[in-house]
Every structure is written in C-alpha cells, then in structure tokens.
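Below is a short briefing on one predicted model.

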Amino acid sequence: MTLFAHDEGRRAVALRSDPILFIAMVLLIVAGITMIYSATAGPLEAEGLDPFLAMRKQAIWAVIGILAFLLLSFLDYKELQHFAWAIYVVTIAALAATFFFPEVNGASRWILIGGVSIQPSEFAKPAMAAVLAASLARRREEDDGPLSWRKLVRALVLLALPAVLIVLQPDLGTMLVFMFMVAVMLWSAGASLRQLGLLMGLGGIAAWLAVRLDLLKAYQVARLTSFADPDADPLGDAYNQLQSVTAIGSGQFAGKGLFQGNLTQLS
C-alpha cells in the first residue's frame with residue numbers, strides 16, 4: 001500500500017494528463033491575479049502602501065498551489081481510503097487547535113504561526129470529502145442498490161464532530177458548504193429521495209431551533225436575512241450586496257475595464 005504511484009503508475013498518469021486543462025487552470029490563475037491587482041492597486045497606493053502587495057501575496061499562493069497540484073497529480077487517489085482515519089483525526093485536531101489561539105474579530109477560526117494564518121476549516125472541506133467517500137464507497141460484493149441506512153448514519157456521525165467544531169468557531173459559511181457537499185455525496189452514493197427529504201426536514205428543524213434558541217449570533221442571522229430587505233441596513237449588513245448591484249449596473253456586461261472600476265478606484 002502506497003499513496004504515490006510507482007514508476008508504471010507515473011507513466012500512466014503522464015499518458016492521462018490533460019495539457020489543455022492545465023493550461024486553462026494557469027490562464028484562470030493569471031486572470032484572477034490580474035483582477036486582484038486591478039481592484040487593489042489604486043486603494044493601496046492611496047493609502048501609501050505598495051500597490052503590488054495584494055497581487056504579490058496572491059501570486060505566491062498561486063505558485064504554491066500549482067506546485068501542490070503537480071505533486072498530487074502523482075497520487076493514487078484510490079489509496080486515500082486506507083488513510084481515511086488518519087485524515088479524519090488530523091482534521092479534528094486542526095479544527096480543535098483553533099480554540100487555543102487568539103480570536104480574530106470574535107471568531108476562533110485560525111491557527112497563527114509566525115505571522116502566517118491558517119484556516120483549518122478550508123482544509124477540512126476536501127479532507128471530509130475524502131473521509132466520506134471512503135465511508136460511502138461500495139465494496140465489490142455490494143450491489144448498486146439504494147444507500148443503506150447504516151452507511152447513511154455512519155456518514156452523519158463522522159460529520160457531526162467537525163460540524164460542531166466549525167459551528168463553535170463560528171463559521172456559518174463553511175457549515176453551509178459542508179451541508180451542500182454532504183447532500184451531493186449522499187445522492188451520488190445512492191441515497192433515496194426519502195432519505196434526502198428526511199435529512200432536509202431535520203436540517204430545517206435544526207435551523208429553526210438554532211434561531212429560536214439564539215444559538216446563532218446576531219450578525220449570522222442578519223447575514224441570512226439582509227438580502228430580503230437590503231434597504232433596511234444599506235451601510236451595514238447589506239452593504240456588500242448593494243455595492244455589488246451598483247458595480248454590476250455600472251460595468252454591465254463588458255465591465256469598466258482594467259483599472260477603471262468605479263468602486264475600487266475611488267478609494
């Protein structure tokens with residue numbers, strides 16, 4: 001058992017590689033970095049800072065990401081199922097570690113090491129996807145029928161602990177992503193409409209109880225409800241939403257052009 005492919009596996013990976021997909025990824029990264037420079041150069045310069053600051057930071061992480069992509073391209077993803085418990089334990093430990101570091105804006109979401117902040121909940125998304133995939137995978141002797149209730153409950157139990165830690169941080173956005181990811185994975189694994197409907201109903205009841213029992217913070221409730229009446233708090237909770245509408249209305253289909261965006265160049 002090995003996580004990385006042997007020589008024959010590496011040759012197979014090279015033969016399966018898709019250069020068009022890789023080039024498209026790199027072009028999207030370059031376009032994204034250019035957009036970041038266009039949106040941040042003016043405001044940074046107006047504050048007396050290096051106009052390339054945000055662009056440079058993004059470019060560094062882009063290079064790290066591409067190198068990680070190239071390294072992981074030699075990974076035999078099917079072998080990840082043998083490391084599922086190790087991935088799960090490391091994910092839980094990282095999420096729990098955030099509570100031992102200082103809060104940032106009232107949230108315990110980051111591990112701070114030497115001026116670098118790491119948000120474990122972001123790594124928890126692919127990690128839990130791998131763990132759930134290993135848990136939901138069918139054995140060769142199993143048929144392709146509906147997902148068993150035993151596997152469904154086991155997947156939910158595995159998700160419970162990281163979900164609680166993420167809610168306690170609190171990080172509502174990541175929790176919503178988790179819910180969507182789990183729903184898609186359960187459906188892909190063969191969950192029936194009855195099972196998914198039951199889970200959606202239980203999720204709705206849990207959300208209602210969270211609001212009624214004041215388990216959600218006020219800003220979290222406002223974030224979920226501000227879209228219904230953005231004019232009620234245009235300079236607060238609905239600010240980003242209204243500014244987005246203004247930006248889209250100003251640029252329309254073609255946009256204002258590089259370094260011409262009204263909302264980024266007026267400081």
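The lining of the largest pocket has 27 nonpolar, 3 polar and 2 charged residues (Ala, Val, Leu, Ile, Met, Phe, Trp, Tyr, Cys and Pro count as nonpolar, Asp, Glu, Lys and Arg as charged, and the others, Gly among them, as polar). The model is predicted: local features need pLDDT of at least 70, side-chain atom pairs count only at pLDDT 80 or more, and totals for chains, interfaces and linings use all residues. Residues are numbered from 1 along each chain as its sequence is written, and side-chain values use heavy atoms, with hydrogens and water left out.

**Largest pocket**
- The largest pocket holds about 1,200 Å³ of space.
- Among the 32 lining residues, M175, M179, G203, A206 and A207 lie nearest the centre of the largest pocket.
- α8 (193-212) is one of the helices that supply at least two residues of this lining, and α8 gives the most, with 10 residues.

**Helix pair α6 and α7**
- Helix α6 (residues 149-168) packs against helix α7 (residues 172-188) at an angle of about 170°, with the axes 11 Å apart.
- α6 is therefore roughly antiparallel to α7 (angles over 145 degrees count as such).
- L152, A155, L159, A163, I166 and V167 in α6 meet T174, M175, F178, V182 and L186 in α7 (contact means heavy atoms within 4.5 Å).
- By class, this contact of α6 with α7 has 10 nonpolar, 1 polar and no charged residues.

**Backbone features**
- P170 lies in the loop between α6 and α7, and the peptide bond from Q169 to P170 is cis, with omega near -10°.
- Q252, in the loop between α10 (239-251) and α11 (262-265), has a positive phi, near 55°.
- Q252 counts as exposed because its relative accessibility is 63% (exposed means over 50%, with a 1.4 Å probe and protein chains only).

Terms used
Axes fitted to C-alpha atoms, helices over the stretch in contact; angles between N-to-C directions. Helix = DSSP H or I, 4+ residues; strand = E, 2+ residues; numbered from the N terminus. Parallel < 35°, antiparallel > 145°, perpendicular 65-115°, else oblique. Buried < 20%, exposed > 50% of the residue type's maximum accessible area, 1.4 Å probe, protein only. 1 Å grid on protein atoms, 1.4 Å probe; cavity = no way out; pocket = protein on both sides within 12 Å on 5 of 7 lines; lining within 4 Å. Points joined across faces, edges and corners; volume = space filled by probe spheres on them.
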